[in-house]
Amino acid sequence: MKIVLINPPHTAIGSRIPDDHLPPLGLLSVAGPLIDGGHDVSLIDAEFGPMTIVDIVNRITANGPDLVLIGHSGSTSAHPTARAIAEAVKRSDPAIRIVYGGVFPTYHWREVLAETEAFDILVRGEGEETMRRLAEALAANRPLDAVAGIAYRDGDGEIQATRPAQAIADLDGYRIGWELIDHARYSYWGGKRAVVMQFSRGCPHLCNYCGQRGFWTRWRHRSPELFAREIARLYREQGVELINLADENPTSSRKAWLAFLEAMIAENVPVQIVGSTRADDIVRDADILHLYRKAGVVRWLLGMENTDEATLALIKKGGAKTTDREAIRLLRQHDILSMATWVVGFEEEKLSDLWRGFRQLLSYDPDQIQALYVTPHRWTSFFRIARDRQVIETDIRKWDYKHQVLKMRYLHPLALVACVKLIEVAVQARPKALMRVLFHRDREQRHSMRWYTEMGRRVWFHEVFEFLFRRRHLKNGPTLENFWGAPQDAEEESMLRPQRHLKSLDAAE
């Protein structure tokens, strides 16, 4: 079959402001097995430009595909664009079958298939094996009900879902279709040739707001040696300088992560690694952090979420303020940058809570911060807690963690955004922080911090302008449950657990 993969242009501010673009790992991960299965596969990355829907449709029809597959890593906020592309393609050529995959369609498959006939089939859960089997069934004109992990309309137009697919036990059994991209077009961290990769999938922790944990079903990891070997090959053959880890928590297993660090050191390639992890893993690994740096780790995003103990308990974060502070201290000791995420928008917050949070951030002394807004997903247990809160933003393109979407009890949106923007400036522009940006002892880290500071400055002004002149919050919006529907936390685990627990280690190792 001739298959075209579409990475829709994203409306999120993070996708539009930087001059860098990263390749769409999810689509490339599906592409590898399809290519190996004998299919003719190509990629249209509409993030470049960004491309208009007219341009995308013209590119698709010029390829004359049998099948179009649409997917995006920010699948909730990208859904309106994905739908618009699908509907335009169907108007242009109704014979083209359109498949849609990602986290959002995995859980909202009923609503997506009911709201438009443009999507023919939805993939639920991991796509590598499901898409391979689906393409085989379509090519052979076999019934779809035998393909696990999909939803579709039957011959009578009724919406059907097959049994859940099995989560992949051996992540090394499927390769990434790197040949579909020109690596010279993709960069990050201020112009460094870069890719997105995953060492692991899932997370063993129980944060109730997380929209990813249940999607991946359980924590699994790749072979540390094979993963390091692939990174080294990308450096030697394609000139890749930076790896952005898409893992929720790559360091869950100390044993597996240490094996990866040692394998990377043995490969001896000057590749930089950035990603996100938990502060308690950093503290746990205090004795091997020198290996982190030697293996190429230059920055960790630490999901601290909030500095209030009551809020941390509400969202079941499982962290502690003393651990967060110690993790940042340890990272700085080893010349590894720290980015602290700080989430606002919880219903009961007052100005006094934001002030306390600001003081706590100062005591943490992170190199960078990223302020986010609480954004409940219907399939998480936090959605059930927040189900009666009012929605003030009904444009789901704004449900990207960078916009306030829920009403607060005590704070007007103007008061909240003003506090957040002032806190960002106060934390990032402290004399101590500016001295690091200007005079950090590591030349590469100075480059990184200056790039992030410049990007953050541009985003900051854009977000203020957007709030003042382009946003209109609802005063009496629907409740969260009325807007999205009933809670789906009973369906949070999107796939069946692997029958074989290969490469799945206890998080306590």
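**Briefing on the predicted structure**

At 11% relative accessibility, lysine 192 counts as buried, because the cut-off for a buried residue is under 20% relative accessible area. The model described here is predicted. Its protein chain contains 20 helices and 16 strands, and 57% of its 509 residues count as buried.

**Lysine 192**

- Lysine 192 is placed in strand E9, which covers residues 192-197.
- Apart from neighbours within four places in sequence, the contacts of lysine 192 are Tyr186, Ser187, Glu241, Leu242, Gln272, Glu444 and His447.

**Asparagine 208**

- Asparagine 208 is found in the loop that runs between strand E10 (200-201) and helix H8 (213-216).
- Although it belongs to a loop, asparagine 208 has a relative accessible area of 4% and is therefore buried.
- Asparagine 208 and proline 376 are 168 residues apart along the chain, and 9.5 Å separates their C-alpha atoms.

**Aromatic side chains**

- The count of aromatic pairs comes to 23.
- One of these pairs joins phenylalanine 104 and tryptophan 484 in an edge-to-face arrangement, with 5.9 Å from centre to centre and 65° between the planes.
- This pair links distant parts of the chain, since phenylalanine 104 belongs to helix H5 (residues 103-107) and tryptophan 484 to helix H20 (residues 480-484), 380 residues apart.
- Both phenylalanine 104 and tryptophan 484 are buried.
- One aromatic cluster is formed by Phe199, Phe227, Trp257, Phe260, Tyr292 and Trp300.

**Overall form of the chain**

- The radius of gyration of the protein chain is 22 Å, which agrees with the value near 23 Å that a compact globule of 509 residues would have.
- Taken along the principal axes, the box filled by the C-alpha atoms is roughly 65 × 60 × 40 Å.
- Among contacts with a separation of 6 or more, 79% are between residues 24 or more positions apart.

**Surface and charge**

- The protein chain has an accessible surface of about 20800 Å², and carbon and sulfur atoms account for 52% of this area.
- There are 68 positive and 67 negative side chains in the protein chain.
- The centres of these two sets of charged side chains lie 4 Å apart.

Notes
Residues numbered from 1 in each chain as written. Predicted model: local features only at pLDDT ≥ 70, side-chain atom pairs only at ≥ 80, totals over all residues. Heavy atoms only, no water. Helix = DSSP H or I, 4+ residues; strand = E, 2+ residues; numbered from the N terminus. Rg over C-alpha atoms; globule rule 2.2 N^0.38 Å. Buried < 20%, exposed > 50% of the residue type's maximum accessible area, 1.4 Å probe, protein only. Contact = heavy atoms within 4.5 Å. Areas by Shrake-Rupley, 256 points an atom, 1.4 Å probe, with all protein chains shown as cover. Lys, Arg positive; Asp, Glu negative; His and termini not counted. Charge placed at Lys NZ, Arg CZ, Asp CG, Glu CD. Phe/Tyr/Trp six-rings, centres within 6.5 Å; stacked < 30°, edge-to-face > 60°.
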